[in-house]
Amino acid sequence: LTLAERVSLIGPMDYRLLKFLYEKTATHDWIKLSQISDELGISKREILSSLSKLYDLRLVSKELVLGENAYRITFTGLNVISTKNLYVNKILNKLGIMIGTGKESEVYIGYNFDGDPIIVKYHKLGKSYRNYKKYREDTDSSWIRRTVHNAEKEYNALKCVKSNYGQVPSPLGSSLNAIAMEYIYGKELYKIEISDPESALNDILSTVRIAYKECNIIHGDLSEYNILYSLDSDRSYVIDWPQSTNIQNEEILLRDITNILYYFSKKYNIIKGVQETLNYVKG
Ligand code: ATP
Ligand code: MN
Ligand code: MN
Ligand code: MN
């Protein structure tokens, strides 16, 4: 089943249970059936019929805790709630196909209420999770919180940089681990040969400058893989902001700038000094 199909199969009781299980991730790894029943004031029988449906759809997982079935929400379950919220808030009218999956996200095309394509990016576990998992069992649900935190960070970065006229996709709305943004019809910089690299580098560096000076943030993963070149406007957009950090982290700014200048020097023979560029960004 696709994510859109799963969302369409969810009724009000299923949604209520999923939301409850999401809220419980703040304090619990697993919640027992009797506790769900007590806290929601709904009979076990009624809850169980919804839970077994959610389990079949892989939106919750299940474990035996002290002889009783206990539940927690899955990553797909989280995606279902956030999608439903985007529908309800009239940000998203229809979810389309998945166009990308990385270590940190699943990216979908969606359609707004005018029928125009938009992007919905669902965040997955943060980078640090892999190490974290080494010494914690997989029965820990704090990854959900980290994931939501990452999405919020990316959304706030897009909002600030965009409102200060930086070149990023316009943020359209967010819910939990999902963010909706403007669809940029184009290609990642590394895939193409562009005719005016000087102005592309200009777009990128002025966006880095706006992020630094107006939003007090550094992108943190700046490279030709995280630049979208619009085939409509020939402008370059800086994407993928969840790992952005505050401007105290000088060495990260240096690494971002070094990366992007190296790419333009190697591919287009544009030579720009690192120090001169740092001065421009901070000045
Ligand atoms: P990675 O694992 O490569 O770091 P990621 O999971 O961090 O990726 P992004 O880099 O934000 O996620 O997006 C992944 C891909 O999805 C992009 O390379 C691009 O192809 C597509 N994409 C993301 N945002 C947009 C957008 N606003 N418009 C068009 N395509 C987009
Ligand atoms: Mn990445
Ligand atoms: Mn990326
Ligand atoms: Mn990324």
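Modeller: The model is predicted.

Colleague: Which residues does the domain assignment give to domain 1, domain 2 and domain 3?

Modeller: The assignment places domain 1 at 3–74, domain 2 at 77–182 and domain 3 at 186–282. Taken along the principal axes, the C-alpha atoms of the chain fill a box of roughly 70 × 45 × 30 Å.

Colleague: How many helices and strands does the secondary structure of the chain come to?

Modeller: There are 10 helices and 13 strands. Two further figures describe the packing of the chain. Of its 283 residues, 38% are buried. Among contacts with a separation of 6 or more, 62% are between residues 24 or more positions apart.

Colleague: How many residues surround ligand 1, and which are the closest?

Modeller: The shell has 20 residues, and the closest are Gly100, Gly102, Ser105, Pro169 and Asp240. By class, 10 residues of the shell are nonpolar, 4 are polar and 6 are charged.

Colleague: Which strands each supply at least two residues of the shell around ligand 1?

Modeller: They are β4 (94–101), β5 (105–111), β6 (117–123) and β8 (178–182).

Colleague: How do β4 and β5 pair, and over how many bridges?

Modeller: The sense is antiparallel, with 5 bridges. One bridge sets Lys94 against Tyr111 in β5. The two strands form a hairpin, and 3 residues lie between them.

Colleague: What about β5 and β6: over how many bridges do they pair?

Modeller: β5 and β6 pair over 7 bridges, again in the antiparallel sense. Gly110 has Ile118 in β6 as its bridge partner. These strands also form a hairpin, with 5 residues between them, and Gly115 in the turn has a positive phi of about 85 degrees.

Colleague: How should I read the face a side chain points to in a strand?

Modeller: As a rule, side chains in a regular strand alternate between the two faces of the sheet. With that in mind, turn to the sheet formed by β9, β11 and β12.

Colleague: What is the order of the strands in that open sheet?

Modeller: The order is β9-β11-β12, and the pairing is antiparallel. β9 and β12 are the edge strands, each with a single partner, so one side of each has no neighbour in the sheet. From one strand to the next, the twist averages 30 degrees.

Colleague: Which residue in β11 does Lys187 stand opposite?

Modeller: Lys187 stands opposite Tyr229. The strands concerned, β9 (residues 186–188) and β11 (residues 227–230), pair antiparallel over 3 bridges.

Colleague: How many residues lie between β11 and β12 in their hairpin?

Modeller: There are 5, and Asp234 in the turn has a positive phi of about 60 degrees.

Colleague: Which helix lies across β11 and β12?

Modeller: Helix α8 (residues 197–215) does, running at about 30 degrees to β12. Lys213 is found in this helix.

Colleague: How do I decide whether Lys213 counts as buried, exposed or partly exposed?

Modeller: Count C-beta neighbours inside 10 Å: a residue is buried at 20 or more, exposed at 12 or fewer, and partly exposed in between. Lys213 has 13, so it counts as partly exposed.

Colleague: One more sheet. In what order do β1, β2 and β3 stand?

Modeller: They form an open sheet in the order β1-β3-β2, with antiparallel pairing. At the edges are β1 (31–32) and β2 (60–65), each with a single partner strand, so one side of each is left without a neighbour in the sheet. β1 is joined to β3 (residues 68–73) by 2 bridges, and Lys32 has Ala70 in β3 as its bridge partner.

Note on methods:
Residues are numbered from 1 along each chain as its sequence is written. Chains are lettered from A and ligands numbered from 1 in the order in which they are written. This is a predicted model: local features need pLDDT of at least 70, side-chain atom pairs count only at pLDDT 80 or more; totals for chains, interfaces and linings use all residues. Domain bounds come from an automatic or database domain assignment. A residue is near a molecule or strand if its C-beta atom, placed from the backbone, lies within 6 Å of it. Helices (H or I, at least four residues) and strands (E, at least two) are DSSP runs, numbered from the N terminus. Ala, Val, Leu, Ile, Met, Phe, Trp, Tyr, Cys and Pro count as nonpolar, Asp, Glu, Lys and Arg as charged, and the others, Gly among them, as polar. Two strands pair if DSSP finds at least two bridges between them. Axes are lines fitted to C-alpha atoms, for helices over the stretch in contact, and angles run from 0 to 180 degrees between N-to-C directions. Two residues are in contact if their C-beta atoms, placed from the backbone, lie within 7 Å.
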